Amino acid sequence: MGNGNSTETKESRRSKMRQKIKNFRSRRLRRPGSGSVSGLVSQRSVSAEDFAGIALLTLIGAEMKFKDKWLACVSFGEQTFRSGISDSTDKPIWNSEKKLLMEKNGPSLARISVFETNRLLKNNIVGYCELDLLEFVVQEPDSTCKSFDLLDPASSNVVGTMFISCSVEDPVETETCFAKRILSIVDYDEDGTLSFSEFSDLMNAFGNVVAADKKEELFKAADLNGDGSVTIDELAALLAVQQEQEPIINSCPVCGEALQLDKLNAMIHMTLCFDEGTGNQTMTGGFLTDRQASYGWMFKLSEWTHLSTYDVGLNTGSSASHIVVIDRKTKRLVEELIDSKIVMSMRAIYQSKIGLRLMDQGAKEILQNLSEKQGKKMNTVESAQNIPSFLEFFKDQINMAEVKYPLDHFKTFNEFFIRELKPGARPIACMDQDDVAVSAADCRLMAFQSVDDSTRFWIKGRKFSIKGLLGKDVNSDAFLDGSLVIFRLAPQDYHRFHSPVTGVIEKFVNVSGSLYTVNPIAVNSKYCNVFTENKRTIVIISTEEFGKVAFVAIGATMVGSIAFVRKEGDHVKKGDELGYFSFGGSTVICVFEKDSIKIDEDLLANSARSLETLVTVGMQLGVSFPKLENCVIEP
């Protein structure tokens, strides 16, 4: 029996696969022009054609503008990998490769970051580039080396050149190659052939009835001449076909994890896991973000002693030293930048009974006075001197190309903080469809179909309630069992907030209160009730599609000022600006009436993991009942 792996057959399969990728790319969403909806399509029509496979990404080297010892990191989805550290040079060579799982409906955008390694605690990011792996493979089908500009995260100036190659494995080849590798384990005499006894040992190790029943049938099908010996190539082809038709492997032989029902993804999982287990990969994994991967040995020591931790989830991520969120656009984990001294202070106050007792004994007034004093300071001409250092600290998280005015336009820090964006910088999803709600802010978002879910997965204050949130001057009965969306704005975010729905502003209600931080450290604390105790303004918006929507703008530490640019009786379209927060972090909460909105599944899934989703103004939030086809815009 031939093994069916001739060069001609391989090239034919590769050609078909590349055509499939091209078809997939042509069906990806496109940004509409001039506010039209011609570029809007249903998610369902795209997901049916989604591609799955393995991308082999190789970081060959780079050309930099100065000499140093360099390392490179690849961030893809929820994983990050790092290369080794180069010699001191301006032309580092890594030749580091990594196989990346491209799942159906999963991420395809990879970010490569280059760091100089001259610091004990934290290495410094110098430049980055991003590439869509599907697009790369279509343009460069033969995995030739291609150059990419490395951009300075702060200025977007070119700071170097990165050399990368990438190829996507044919799924049929993936299955056959894996079968060959696992069959070679029982080739005890290493002659490239297997006896029925050797083959039987492997099938029995799979530990399921199908494997036991099929082993004799498969061996006879391969043993055409009946000599009791078959080549590994012949058996591998049959095993790949069998696994595709009726799986004989139910759990991964390497990690023991139960395999998905999707057969291709299951085979890809085993291939990648086998690579890791045999040490074939040359990039180090196990990191969540590129910043974590880039830290020096001093930080690793602090991780070992549990002074610094990275994780996601309520029991771990909310008490970790580093806040990790997931970027909705790239589906990649991102570290939120926050000074470590501030983290320690917040934990001392909000995660302990003693800290909250101090709050009750006068610290609330201190925070109030501090916020007022800091607010006045940020309105002085001298405060503008803080803008460059602020941009430097958040250099890879603020895009000045989107800002409406140049930097020298801002005469105070607060003018910069409440900066406007250029028209079109935030496209609004399904602009002409009022039954689609959108994100109200650039923020880290948590969404819950019910209030009960929000208290189970995120809000841990013992006294949190919708009545407490909306206050006594708002009739909260219609909202009691409704849906809840939390938009948390960090200091680096665009700090103007927008209407998530189309409707009429019915009324404003101001509620006085404290100015606790809205950081997850405080929100996840069982000792305080941030959202029901902080100063806030409730806006009731009356809509045709969603009923009444309660829009709650909440002040926080350093944010004493909440300004609105709309008034009672105004009609607003979704995406219209409602107001802004002055200096600091802050939060908006939207409460929808029960069964009025179906929130997007990806937002609910992330929130159920206690993982905030990084979104921008105008991204789709959900649709009104009865549910419509999802409608999205590719940024």
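Mentor: Phe390, Phe393, Phe394, Phe410, Phe413, Phe416 and Phe417 form one aromatic cluster. This is a predicted model, in which local features need pLDDT of at least 70 and side-chain atom pairs count only at pLDDT 80 or more, while totals for chains, interfaces and linings use all residues. Residues are numbered from 1 along each chain as its sequence is written, and side-chain values use heavy atoms, with hydrogens and water left out.

Trainee: How many aromatic pairs does a search of the whole structure find?

Mentor: A pair of aromatic rings is described by the distance of the centres and the angle of the planes. Rings of Phe, Tyr and Trp (its six-membered ring) pair if their centres lie within 6.5 Å, with planes under 30 degrees apart counted as stacked, over 60 as edge-to-face and the rest as tilted. The search finds 15 such pairs. The rings of Phe546 and Phe592 have centres 5.8 Å apart and planes at 65 degrees, so this pair is edge-to-face.

Trainee: Are Phe546 and Phe592 buried or exposed?

Mentor: Buried means under 20% relative accessible area, exposed over 50%, and partly exposed in between (1.4 Å probe, protein chains only). Phe546 is buried at 2%, and Phe592 is buried at 0%.

Trainee: Which ring does the charged end of Arg419 sit over?

Mentor: A charge sits over a ring if NZ of Lys or CZ of Arg is within 6 Å of the ring centre and within 35 degrees of the ring normal. The charged end of Arg419 sits over the ring of Phe416, 4.5 Å from its centre, and Arg111 lies over the face of Tyr128, at 4.2 Å from the ring centre.
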